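Biologist: I would like a close look at a single part of this protein. Please keep it brisk.

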Amino acid sequence: MIRLSTLSLLAALTAAPAMAAPEAYVLDPSHSQIVFSYNHLGFSTTTGMFSGFDGNISFDAEDPAASSVEVSFPVRTMLTGWQERFDHFMSPDFFNAADDSALVTFKSTGIEVTGEKTAKITGDLTLNGVTKSVVLDAALTQAGEHPMAKKPWMGFTGTTTLKRTDFNLGMFAPYVGDDVTVEISIEAMKAE
């Protein structure tokens, strides 16, 4: 009787469907942007952007908290809309980035699901050679088949606020705002 019960249990377990593994996605660099803004002397809000970068997402649909994201790109891919501002940001006053070896990286360390399509993503952000833990308020905007690419696609947004002084980028603070608002919008396609 015990042997029969054990065999029945084993048969039931082997017949049960396997748990789905996380799926790998890669960022679509043509539709992924990071926009940052800060207060300039109280007179205006100045913005800049990073675009055209690569990254990887491991997405677990059954357990989103087990997902992860990793992004890395040269700080010199920054777009400011004004060459003199870009040159100043790349100077020793700020990033001291003479070439593409100065990187911005983000690697998630944990995800707290806060709603059906929202989460707080905690990760290590390395900026200007300084690594700090940051939290992104993230949302899944859409998941499904891309109508033109005909493959699984996902979109996400994220926001956070960084302090320039935390990353040794505090020149002219507090006159030029220390707080930098970061808005992220990315698309990712299923990896082949």
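Which residues does Ser37 touch, not counting residues up to four places away in sequence?

Modeller: A word on the source first. This is a predicted model, in which local features need pLDDT of at least 70, side-chain atom pairs count only at pLDDT 80 or more, and totals for chains, interfaces and linings use all residues. Residues are numbered from 1 along each chain as its sequence is written, and side-chain values use heavy atoms, with hydrogens and water left out.

Now the residue. Ser37 sits in strand β2, residues 33–40. Strands here are DSSP runs of E, at least two residues long, numbered from the N terminus. Leaving aside residues up to four places away in sequence, Ser37 touches Thr45, Thr46, Thr47, Asp179, Val180 and Thr181. Contact means heavy atoms within 4.5 Å. Ser37 counts as buried because its relative accessibility is 17%. Buried means under 20% relative accessible area, exposed over 50%, and partly exposed in between, with a 1.4 Å probe and protein chains only.

Two strands pair if DSSP finds at least two bridges between them. Glu70 has Lys107 in β7 as its bridge partner. β7 also pairs with β8 (residues 118–127), antiparallel, over eight bridges. There, Ile111 stands opposite Ile121 in β8. A hairpin of four residues joins β7 to β8.
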